[in-house]
Amino acid sequence: MYTQAMDTMGKEPAEGALRAAEDPRLQQRFDERIDAGEFIEAKDWMPDHYRKTLLRQISQHAHSEIVGMLPEGNWITRAPTLKRKAILLAKVQDEGGHGLYLYAAAETLGTSRDQMIDALHTGKAKYSSIFNYPTLTWADIGTIGWLVDGAAIMNQVPICRCSYAPYARAMIRICREESFHQRQGFDALLTMMTKGTQAQKDMVQDAVNRWWWPSIMMFGPPDDQSPNSAQSMRWGIKRVSNDELRQKFIDATVEQARILGVTLPDPDLRWNEERQAHDFGAIDWNEFWRVIGGDGPCNRERLAARVNAWEEGAWVREAALAHARKQQQRSIKEAA
Ligand code: BYC
């Protein structure tokens, strides 16, 4: 379905592409299509900046899914029951699948998966800030499902209408799976809160205290400090702003916290009748910038785990390529 390994990143654009970029008629036609709400396909003409913005966002999204497997994978061997282990295994495998759909969608923009992975491993590409926090107890796994996947769905449902069709298509399936992820997290916490011991209930509250603020940071910096938002909204890559999504997530989560019987760790969180939304306390943006700058609690550990997995998996990639070559030679012989 998707093109593979088109290594054009960092190379000079072809002469034809340069001519096209300079053609104001193509630019005008592209703007008209965006304004009309049309989807852009991989083979359609697009401005270079649109391509680069998409590549940045989709590849970072793919990296987030793959790095996001690590904090949860850490608990597969320690899940409390066979049922919870099977659910967690399926969830972590889903995240791997999401990463692969997204790398494939990003490859349609002309950059190979190897190049994207190299950008992650050398620290040039980002991944979500949230995965730089540790998973200390089993309650963290439920809390990730409830809050982190909950925030992810809020952010990702509008991307199903992203103007770039391969990304929008990948997001439809991803969102369906994320919805299951959120529900299993809520269910795990509800079980602990309704049937657990006091120590288990305290464990849930402690996990919520630690994950709440990083979860609401996931939506990115405030709109007036978000350098990419205006252009991405203009192009229909982002449909809803960082602050609007954060507000919607907080409003939806307050009621869920009440049902669970946990307290969200924000003394300033209260309903504002006039705004018909919740007011909330100040977010520590210094912490956010520090974490995405590489200095969060687990940044080094996460990156080292990814690089290690890549190096240790070299033989699998070589074996798969050798097998593919053999198959190809066989089919050439058979056709002759
Ligand atoms: N973490 O101008 P802004 C998941 C960066 S996967 C790190 O607002 P933009 C899941 C941003 O990249 C969750 N960096 O940027 C997986 C930019 O830096 P660059 C991932 C962040 O792109 C497994 C700078 O800050 N979801 O949920 O307009 C298990 C300025 O920001 C973050 C996606 O990737 C952050 N939180 O908006 C469970 C969704 N926020 O690139 C769950 C797709 C901002 O200029 N992505 N930055 O150097 C998006 O929707 C948008 O890219 C963002 C940021 C809203 C994240």
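Arg 33 counts as buried, because its relative accessibility is 15% and the limit for buried is under 20%. The model is predicted. The side chain of Arg 33 meets that of Glu 38 in a salt bridge, and Glu 38 is partly exposed, with a relative accessible area of 33%. Side chains of opposite charge can pair when their charged atoms come close.

A search of the whole structure finds 20 salt bridges.

| Salt bridge | Distance |
|---|---|
| Glu 38 and Arg 33 | 2.8 Å |
| Arg 246 and Asp 243 | 2.8 Å |
| Arg 300 and Asp 295 | 3.3 Å |

Arg 246 and Asp 243 both belong to helix α11 (residues 242–260), where they sit 3 residues apart, about one turn of the helix. Arg 246 is buried at 2% relative accessibility, while Asp 243 is partly exposed at 30%. In the remaining pair of the table, Arg 300 is exposed at 57% and Asp 295 partly exposed at 44%. Salt bridges with shared partners also link Glu 72, Lys 91, Glu 95 and Asp 149 into one network.

The ligand has 31 residues around it, and among those that come nearest are Arg 56 and Lys 126. A polar side-chain atom of Lys 126 is 2.5 Å from a ligand oxygen atom, and one of Asn 242 is 2.9 Å from a ligand oxygen atom. The protein covers 91% of the 1000 Å² of accessible area that the ligand has on its own. Helix α3 gives the largest share of the shell, 6 residues. By class, the shell holds 13 nonpolar, 12 polar and 6 charged residues.

Conventions
Residues numbered from 1 in each chain as written. Predicted model: local features only at pLDDT ≥ 70, side-chain atom pairs only at ≥ 80, totals over all residues. Heavy atoms only, no water. Near = heavy atom within 4 Å. Polar contact = N/O pair within 3.5 Å; in protein donor to acceptor, adjacent residues only side chain to side chain. Areas by Shrake-Rupley, 256 points an atom, 1.4 Å probe, with all protein chains shown as cover. Helix = DSSP H or I, 4+ residues; strand = E, 2+ residues; numbered from the N terminus. Nonpolar A, V, L, I, M, F, W, Y, C, P; charged D, E, K, R; others polar. Salt bridge = Lys/Arg side-chain N within 4 Å of Asp/Glu carboxyl O. Buried < 20%, exposed > 50% of the residue type's maximum accessible area, 1.4 Å probe, protein only.
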